[in-house]
Structure formats: C-alpha cells, structure tokens
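This report describes selected features of one protein model.

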Amino acid sequence: MGNKNKIKRIAEVAQFENVIEYTDLEESERPKGIWNSEIFQNQNPITLELACGKGDYTVELARRFPERNYIGIDIKGPRIWKGAKTAIEDGLSNVRFLRMFIDHLHSYFDKDEVDEIWITFPDPYIKKKPRQSKRLTSPKFLNIYRKLLKNGGVVHLKTDSLILFNFTLETIREEGCTVLRRVDNVYRDAPNDDLLNIQTFYEKKHLKDGKIIQYVSFTL
C-alpha cells in the first residue's frame, strides 16, 4: 500500500462512526464500562478480536452471529479501515473497531465486561531473539484478559505457528487454565465448523503456502 493511500485511509478511519481511536480520548472519556449501555445500546455478549488486522474475522463473526457484539482491536488504522468500511457498507450494527495497544485493554474495558476473546494469527515472535512476553497468549497478556473477561469467559487462538500453538498449550498448563477444545488441523478435522472456517487475509496466504492451521479454546 502506497504512503498516500495509507494517509487517506487513516483520515477516513478517523471519520468512521464505528471506530474509536485511543488518540482521540482522554482517560476520563474512555468507554470503560459503557460498551453495552451506550455504545451498542443492548445487553448482548461482547467478543473481542485482538490484533484483528483487516478485521475479516470480526466482520464475518458479526455477520454469522448477530445476537452478539464484536469489537476488532488493532493499533494500525490502515488495516482497520477495511473491516470498518465493510461493516458500515453491510449495515452491521453489532461491530465496532478500537485502535489501541492491546496491553492497555484493561483501561478500555471494565471487569466482567467481555464474554470472549479471539486471537487470530498473531505475530508468534519467533525471529531474532526470544520475545515471548509479547506473544498474546503469554502470562502477561492472560493476566490482562483476567481483568475484563467474565467468569468462564473463553479465549480462542487460531494460528499457523506450531511454535506459538505449543507455547500456548504449555502456558495454559502452567497457568492452571482449562482447555475447552483443541484442533490440531482445522481443515482436516473441522472443515465445516462455522467458528473455524472463516478465513482471514493472512490465513488464505498461509493455506496457499501449505501451512497447517491449529486452534485451541480455553478458560482462564
């Protein structure tokens, strides 16, 4: 994407009614505790997609499950642009996007405000020196999720990285979490699953390269 196109999308995202940007808010204005009552204006369960990229998963989940509210979270405005624009064009009132750093989640969501979290194809941080604390299923981030997930709230991970998948399984064990479901090869073992057969922009690239997609869901 050219620099002019990026600048244009950043400007457009700032005008989208379904996008909230951290740069626009003072601490007192953050939507903590009011997602149901004021933003979605209903009491439907809230699902977050972290590092949502272009928002493919967020939008398609919202389309398939209109009885839930979905929030895609990413720091990069040009990526969020596609998902936010699609949601507006398709009239999906149960979708919002939040541009912010994921390690600040607890500043934007109240205790027990979130019902589930999706993490789809996050950076596994396997290049160069180990940076395991940056992985979105590391103990650091699980402790952040505990501050906003309801009791029994579910975390979903979908990844093409066996290193991240195994790291997550080990973290789950060490943190005393409970595995709800594990699929070692999504398109071999669960090809028709409505939750798992949604394909993001990045997933399509991974599949084209012959990579195997893994999935695990767990409670904290």
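Helices (H or I, at least four residues) and strands (E, at least two) are DSSP runs, numbered from the N terminus. The model is predicted, so local features need pLDDT of at least 70 and side-chain atom pairs count only at pLDDT 80 or more, while totals for chains, interfaces and linings use all residues. Residues are numbered from 1 along each chain as its sequence is written, and side-chain values use heavy atoms, with hydrogens and water left out.

**Individual residues**

N36 is located in helix α2 (residues 35–40). Its relative accessibility is 15%, and N36 therefore counts as buried; the term means under 20% relative accessible area, with exposed over 50% and partly exposed in between (1.4 Å probe, protein chains only). The side chain of N36 reaches the backbone oxygen of N44 at 2.9 Å. This is a polar contact, defined as a pair of N or O atoms within 3.5 Å; within protein, one must be able to donate a hydrogen and the other to accept it, and residues adjacent in sequence count only if both atoms are side-chain atoms. Not counting residues up to four places away in sequence, N36 touches Q41, N42, Q43, N44, I46 and N69, where contact means heavy atoms within 4.5 Å.

S138 belongs to the loop between β5 and α5. With 2% relative accessibility, S138 counts as buried. Its side chain reaches the backbone oxygen of R135 at 2.9 Å. Leaving aside neighbours within four places in sequence, S138 is in contact with Q132, S133, F167 and T171.

L92 lies in the loop between α4 (77–89) and β4 (95–99) and is buried, at a relative accessible area of 16%. Beyond residues up to four places away in sequence, L92 touches V59, R63 and A87.

Seven of the nine residues of α3 are buried, so that the helix is mostly covered. The buried residues are D56, Y57, T58, V59, E60, L61 and A62.

Rings of Phe, Tyr and Trp (its six-membered ring) pair if their centres lie within 6.5 Å; planes under 30 degrees apart count as stacked, over 60 as edge-to-face and the rest as tilted. By this rule there are seven aromatic pairs. Two of them are tabulated here.

| Pair | Centre distance | Plane angle | Class |
|---|---|---|---|
| Y57 and W118 | 5.1 Å | 35 degrees | tilted |
| F201 and Y202 | 5.1 Å | 85 degrees | edge-to-face |

The pair of Y57, in helix α3 (residues 56–64), and W118, in strand β5 (residues 114–120), links distant parts of the chain, 61 residues apart. Y57 is buried at 0% relative accessible area, and W118 is likewise buried at 0%. F201 is partly exposed, with 36% relative accessible area, as is Y202, with 29%. Ring pairs also link W35, F40 and F109 into a cluster.

**The largest pocket**

A pocket is, on a 1 Å grid over the protein atoms alone, an open set of points where a 1.4 Å probe fits, with protein on both sides within 12 Å along at least five of seven lines; lining residues have an atom within 4 Å of a point. The largest pocket holds about 1100 Å³ of space. Of its 36 lining residues, A51, R79, P122, D123 and Y125 are the closest to its centre. At least two lining residues come from each of β3 (69–74), α5 (139–146) and α8 (201–208).

Methods
Points joined across faces, edges and corners; volume = space filled by probe spheres on them.
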